[in-house]
Amino acid sequence: MGQQVDKDRFSEAEFARFGERLEEQLAALRELLARPGFGTGPATIGAELEMFLITPDGRPLPRNHEVRDAADDDRLVPELGRFNLEVNLTPLPIAGRPFSALVRELRETMALVDAAAGTQGGQALAIGILPSLSEFDFTHEALSDESRYRALSRGMRRLRTEPFRVRIEGVEELELEVEGVILESANTSWQVHLRTAPADFARVYNAAQLATGPVLAVSGNSPGFLGRRLWEETRIALFEESADDRDVERLDRRDRRVAFGSGWVSGAEEMFETCVRDYEPVLPMTSEQVPPGEGEAPGLAELRLHQGTVWQWNRPIYDPADGGHLRVEMRALPAGPTPADMAANAAFLLGLTAAMAAGPVEDFPFAAAYRNFYRAAIHGLDAPMAWPGLEGEVPAARLALDLLPVAKAGLERVGVDPAEADWALDIIRERVRLRRTGAIWQRQVVEGLGGDPAARARMVTRYRELSLTGEPVHTWPI
């Protein structure tokens, strides 16, 4: 989340002062984005992986601070739930063999976390939603012992006085009510960043919005929650519902804090302005204003902190590093099952984004891209989808296979080695051909083991055993 928050309670005066800072920094960002040459440079990618800590029998292990301390690695940070950790991977050029590099660092860091978890009697696991979670895992004590997370929880409750209600209708139905935002900790993601010049931001962002639907359809790894069979990527619904700060008066005024969006965008400035205008602050932590040195970009700490509490599935990121730059953060993909699977998902998403950014996707109805996204989350490979130039709708599995050559052309367009592109996209091809996503594998194994809580825990153990082989999920036996 960036800044260190030193307390978890704030006054109304602090919220007012924070709002003033946001307006000042928004004006500064406008000037920055208009500056010739700002944010230009080679395209780079980065990534974040959120993981679960589990016991040997597949239950959540609330020891993230202890595991982080044992690992002693700056790439690891605690997440909202005490059974979650996040790994921040090293940014690298997209040209060359970036996905092989991602696999190497993922294996290294996942092994590091696993070894550190072993000092606490636990293990590490990359999976969208841990199937063995129960209602009793989401108590106040499950919140990470850090001021910023306590402040986040209080800030969200300040905006929404009634309890947070979650209702998901899938194959089965889930309805529950909690007092805070702790249910967010049930979701872990594989988030991909793409550095983008300001002049290119709108077309790259819109292309990413279009690309996300079919990529999500082939990447599902969260087929349920609390024992209910729900969506192929239940994490999408659960995150949107569990972080919805709108009360009755706000329902029709704006999107949720976690949302896909409501239209094609015209630039990064528009998105930052919408974030400040439409979303009330929840973490009003002001910092000392330090003028940037020569060649440095302004920190805009408050704007970045606020932007970090509005979780669009694809969102803009301003980073003052390297003279300042913009990134598109693609947040919709689930964690796991293996480094190879996550690298392949990133390759498909980045390649399709690069290819579609070459033309005006805005001629395609945004409503169709919106439907694609949510249908992908609900139905996975069977989701009916539309696409530019396609007459009518086709199943996501067929569309994905047709789009693989498009994604390869996009990857080669940004300098990815052709053999690297083939390797990554072949994983997607086989996964679709064999109809073996992480979600399908999980569901079939649980059904084979009897479907009860013990079966879900046994499935988690088997999932971990197979993930340690590094072989992609389409090769896993049922």
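Leu 300 is buried (under 20% relative accessible area, where over 50% is exposed and anything in between partly exposed, using a 1.4 Å probe and protein chains only), with a relative accessible area of 7%. The model is predicted, so local features are given only at pLDDT of at least 70 and side-chain atom pairs only at pLDDT 80 or more, while totals for chains, interfaces and linings use all residues. Residues are numbered from 1 along each chain as its sequence is written, and side-chain values use heavy atoms, leaving out hydrogens and water.

Leu 300 lies in the loop between helix H7 (268-278) and helix H8 (301-307). Helices (H or I, at least four residues) and strands (E, at least two) are DSSP runs, numbered from the N terminus. The phi angle of Leu 300 is near 50 degrees, a positive value in a residue other than glycine.

## Other loop features

Asp 72 also has phi near 50 degrees, positive although the residue is not glycine. Asp 72 is found in the loop between helix H2 (64-71) and strand E2. This residue is exposed, with a relative accessible area of 68%.

A cis peptide bond links Gly 336 to Pro 337, with omega about -5 degrees. Pro 337 belongs to the loop between strand E12 (325-330) and helix H9.

## Strand E3 and its partners

Strand E3 (residues 84-88) is mostly covered, four of its five residues being buried. Strands count as paired if DSSP finds at least two bridges between them. E3 pairs in the antiparallel sense with strand E1 (residues 44-54) over five bridges, and in the antiparallel sense with strand E2 (residues 76-78) over three bridges.

Glu 86 in E3 stands opposite Glu 50 and also opposite Val 77. A hairpin of five residues joins E2 to E3.

The expected span of a helix is 1.5 Å times one less than its number of residues. The 21 residues of H3 should therefore span 30 Å, and the end C-alpha atoms of H3 are 30 Å apart, in agreement. Among the buried residues of H3 are Phe 99, Leu 102, Val 103, Leu 106 and Met 110.

Helix H14 (residues 453-467) has 15 residues and should span 21 Å; its end C-alpha atoms are 21 Å apart, which agrees. The buried residues of H14 include Ala 455, Met 459, Val 460, Tyr 463 and Leu 466. Their cover includes E1, helix H3 (98-118), strand E5 (123-125) and helix H13 (438-449), where contact means heavy atoms within 4.5 Å.

## Packing between helices

Axes are lines fitted to C-alpha atoms, for helices over the stretch in contact, and angles run from 0 to 180 degrees between N-to-C directions. Helix H5 (residues 201-217) and helix H9 (residues 339-356) pack at about 135 degrees, with their axes 8 Å apart. That makes H5 oblique to H9, since angles under 35 degrees count as roughly parallel, over 145 as roughly antiparallel, 65 to 115 as roughly perpendicular and the rest as oblique. Residues of H5 including Val 204, Leu 210 and Val 215 take part in the contact, meeting residues of H9 that include Phe 348, Leu 352 and Met 356.

The axes of helix H11 (residues 396-413) and helix H12 (residues 418-434) come within 10 Å and cross at roughly 170 degrees. H11 and H12 are therefore roughly antiparallel to each other. Among the residues where they meet are Leu 401, Leu 404 and Leu 411 in H11, and Leu 425, Ile 428 and Val 432 in H12.
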